[in-house]
Amino acid sequence: MFYVIFDLEWNNAYDYRLKKGINEIIEIGAIKLDEKLNIVDTYKQLIKPKLSKKLSSRFKNLTHISMDEINDSGILFEDAISDFIRWSGGENSIFLSWSNSDLYVLIDNFKKFIGSSSIDFIKQYADVQKYCQSFIENDGSNQISLAHCAELLEIKADTESLHRALEDCYLSAECFKKVFDKEKFMQYVVHCDKAFFERLVFKPFYITKPITEEYNVYNEVLNCPYCKANMRVLKKYESMNKSFRTVCECTECNKKFWAFIRAKKTYDGVVVTHKINIMNKKRAERFNHNK
């Protein structure tokens, strides 16, 4: 079993055919560790961009990669990823990256240049940033940067060389080794089947139509926040600010309320939240008069 720590550097490009932006991978770097966490091999490859002939200023300032360097030693993404898969060892490796943002970019590039959103060579994966941060008191829920993590773990880092793929991998490996506990680490390892990648790229969204194939807001049961009795809906739901609004009345205490319902579609289903606000007396009287 190997631990493959990989890092990607990407340039902001625009896909004119799909009319949207894409982070196009320009460099792949990786380090392979054995079970004793010894470095047994490294990988580094520049990739020739297809979507953009220019590198963004931000990318050049961060990485110091130039088009001359890419033209001299870069290859096509398809060839680079094929070479990387062969080098990595596939099923015999646990893949790690600093946060899972690299996975999102890798999936986008696979979809664009390979024609598939399933990265089937990665069978096991762990977010090494999340794992390392679990040993640090506490920075809250915000993701910690690689350089900051190294500083807190008292690991000396050459910040000038960061934001090159292989150099970032070396520092990630040092952080990983500093806090390595195999039993705890294995709790962060996920098995990557097709559903894992589908869930990863699925973008949740709010349902804005009252009745769809997946959801019907009129099936919601509303309870009075005072006496907990069922309430009846007095008017059609209207869509506003990604939620549905209606007027309802308690069948027991006869109080009137504004009901706000949000339905969010996730990969696993629909998550529904209710917010019930009592209607003031004047507004309730006006509503009765206008019915």
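This is a predicted model: local features need pLDDT of at least 70, side-chain atom pairs count only at pLDDT 80 or more; totals for chains, interfaces and linings use all residues.

I started with Ser99, which counts as buried because its relative accessible area is 7% (buried is under 20%, exposed over 50%, partly exposed in between, with a 1.4 Å probe and protein chains only). Ser99 sits in the loop between strand 4 and helix 4. Helices here are DSSP runs of H or I with at least four residues, strands are runs of E with at least two, and both are numbered from the N terminus. I also checked the backbone: phi of Ser99 is near 70°, a positive value in a residue other than glycine. Most residues other than glycine have a negative phi.

Residues are numbered from 1 along each chain as its sequence is written, and side-chain values use heavy atoms, with hydrogens and water left out.

Next I looked for another positive phi and noted Asn241, where phi is near 50° and the residue is again not glycine. Asn241 lies in the loop between strand 9 (238–240) and strand 10 (243–250). Buried or exposed? Asn241 is exposed, at 62% relative accessible area.

Then helix 4. This helix covers residues 101–114, 14 residues in all, and reaches 19 Å from its first C-alpha to its last, close to the 20 Å expected (1.5 Å times one less than the number of residues). Gly115 follows helix 4 and has a positive phi, near 90°.

Which residues of helix 4 are buried? I listed Asp102, Leu103, Val105, Leu106, Ile107, Asn109, Phe110 and Phe113. Their cover includes strand 1 (2–15), strand 2 (20–33), helix 3 (77–88), strand 4 (93–97), strand 5 (124–127) and helix 9 (194–201).

I took the two helix neighbours in turn. Helix 3 and helix 4 pack at an angle of about 120°, with their axes 10 Å apart (axes are lines fitted to C-alpha atoms, for helices over the stretch in contact, and angles run from 0 to 180 degrees between N-to-C directions). That makes helix 3 oblique to helix 4; under 35 degrees would be roughly parallel, over 145 roughly antiparallel, 65 to 115 roughly perpendicular, and the rest is oblique. Phe77, Glu78 and Ile81 of helix 3 make the contact with Leu106, Asn109, Phe110, Phe113 and Ile114 of helix 4 (contact means heavy atoms within 4.5 Å).

Helix 4 and helix 9 pack at about 100°, with axes 10 Å apart, and are therefore roughly perpendicular to each other. Here Leu103, Tyr104 and Ile107 of helix 4 meet Phe196, Phe197, Leu200 and Val201 of helix 9.

Last, two loop residues. Leu37 is in the loop between strand 2 and strand 3 (39–46) and is buried, at 10% relative accessible area. Leaving aside neighbours within four places in sequence, Leu37 is in contact with Tyr3, Phe176, Lys177 and Phe180. Leu37 and Phe180 are 143 residues apart in sequence, yet 9.1 Å apart C-alpha to C-alpha.

Tyr218 is in the loop between strand 7 (205–206) and strand 8 (231–233), and counts as partly exposed at 38% relative accessibility. Not counting residues up to four places away in sequence, Tyr218 touches Pro210, Ile211, Lys236 and Tyr237.
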